[in-house]
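I opened this notebook to record what I looked up on domains, their contact and charged pairs. The entries follow the order in which I searched.

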Amino acid sequence: MLPGPRRRRRIEVRPRVHDLLRIEPGRITFGDRLPEWASRALQAAPWVVARRASLVTGRIPVGIRGASRSERFAATVSALNISETLSPEALARRRPPRRHAVFDALEALVPDLDRTGLSWGPVGAAGFELATGSPVLTGSSDLDLMLRVQDGRQLAELHGLAAAINRRRARIDVVIETPLGAVALNELLGGADQLLLRTASGARMVLRNALQAC
């Protein structure tokens, strides 16, 4: 008796915040009604970004970006429709599709980012362009970066990076992803006892000591 066809193993997709997700062509189905500009954007580049929100069974919270800052749309997509996932770390060494001041700033900052010993990668417009090749960076774009810490003791590694960023003639925004949530680098290195922490359930204030002890 001949063996029957093998059942295709289903791979569970669990993207993290900032991951860029390629939606399988012909299977773009969202649980939300898309504005016309969002449909056009997905036809041009079928990529979305995993956003910070509470998970719904079988669906991933994502953001769709259009041609301008005002064109941002929060949606959810079926995990079964994701054909590729790219993390910010996977984009850290990717060759830029074109010359741009943001990519020049990124290249100059790579040694300082590596020196922290933390995993890092470009996010925002820079990450999207590196992943898709779509020219979304403009003359007013910032360089958005993400660094990941596993415990609060690693936060001490960020002082040198902040000094390196301050020496650059570029607009650079850095978000630090911790086990408790995300905090902006400039706020983390400030003197406030309480910090604004972004979590899947919303933003909240947290004591600096609690973040350092996580």
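I counted one salt bridge between domain 1 and domain 2, a salt bridge being a side-chain nitrogen of Lys or Arg within 4 Å of a carboxyl oxygen of Asp or Glu. I noted that the model is predicted: local features need pLDDT of at least 70, side-chain atom pairs count only at pLDDT 80 or more, and totals for chains, interfaces and linings use all residues. Residues are numbered from 1 along each chain as its sequence is written, and side-chain values use heavy atoms, with hydrogens and water left out.

I looked up the domain bounds, which come from an automatic or database domain assignment: domain 1 is 19-86 and domain 2 is 88-213. I found 10 residues of domain 1 and 20 residues of domain 2 in the contact, where contact means heavy atoms within 4.5 Å. The domain centres, taken over C-alpha atoms, are separated by 23 Å.

I then computed the area buried between domain 1 and domain 2 (accessible area, 1.4 Å probe, that two parts lose on being put together, summed over both). Which residues of domain 1 lose the most area to domain 2? I list Arg52, Arg65 and Leu86, together 52% of what that side buries.

Arg52 came up again in my search for charged pairs: its side chain meets that of Glu177 in a salt bridge at 2.7 Å, N to O.
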